[in-house]
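Me: Hi! Could you walk me through this one? I'm new to reading structures.

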Amino acid sequence: MIIAIDGPAGSGKSTIAKKVAEQLEFTFLDTGAMYRMVTLYNLVDSQKLEDEQTIIQSLNKINIKVVKNHFYLNNQLVDKEIRMDKVSRNVSYVAAIKEVRNYLVSLQREIAKNNNCILDGRDIASVVFPNADYKFYLNASITERANRRFKEQDKQSLEEIKQDIKNRDMYDMTRKESPLIKVADAVEIDTSNLSINQVCKLILAEVKK
């Protein structure tokens, strides 16, 4: 069984998908983390992102492994590093590159092929698994999403985070390759005023109908 969860930054996708996976005893695949790993490699390797060709060529040097919800880049654990602000600010640019998406979509399909799997991202139901058994689209107000991110860090102001989220939404929704969309048959859940457990219960209720 494949469960697809899409939505914008800060909507709670990864947190919710991880908890639902635990309750169903499914494999959880955080696809956004995979794009972050490619971004991290290029930031660490060159200290700044170069042109698209440099990033595309780096795919031949990258080995990505996901083991029990931990992320390994070339055999190094990078759980914390991929969540750094500089990665968050650049991942949308990297994720918009066609060759990067093709590379990671192929990897995501291979990982999920023989598993009951929950995947979250921005194009799971539209591109990666359009025939997923269940499709969900999580959303939340920009203010709520900014508040969530603000509580996770201490470097940016709330207004700066809010502007970053607005910029990322616009970029993700208008990019040429696999833009963020809500597919017609996805169940939309506004998580703005719901707890993590409440959202999980809604998803589990749909899956267990």
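Me: What does helix H1 lie across?
Reply: In this predicted model, helix H1 (residues 13–24) lies across strands S1 (2–6), S2, S6 and S7 (134–139), and runs at about 175° to S6. Contact means heavy atoms within 4.5 Å. Helices (H or I, at least four residues) and strands (E, at least two) are DSSP runs, numbered from the N terminus. Axes are lines fitted to C-alpha atoms, for helices over the stretch in contact, with angles from 0 to 180 degrees between N-to-C directions.

Me: And which strands does H9 lie across?
Reply: Helix H9 (residues 196–207) lies across S1, S7 and S8, at about 160° to S7.

Me: How do H1 and H9 cross?
Reply: Their axes come within 10 Å and cross at roughly 55°. H1 and H9 are therefore oblique to each other (under 35 degrees is roughly parallel, over 145 roughly antiparallel, 65 to 115 roughly perpendicular, the rest oblique). Among the contact residues are Ile16 and Val20 of H1 and Ile203 of H9.

Me: New topic: what is the strand order in the sheet?
Reply: The open sheet of five strands has the order S2-S6-S1-S7-S8, with parallel pairing (a pair needs at least two DSSP bridges). S2 (27–30) and S8 (187–190) are at the edges with a single partner strand each, so one side of each lacks a neighbour in the sheet.

Me: How many bridges join S2 to S6?
Reply: Four, and S6 covers residues 117–121. Thr27 has Cys117 as its bridge partner in S6.

How values were computed
Residues are numbered from 1 along each chain as its sequence is written. This is a predicted model: local features need pLDDT of at least 70, side-chain atom pairs count only at pLDDT 80 or more; totals for chains, interfaces and linings use all residues. Side-chain values use heavy atoms; hydrogens and water are left out.
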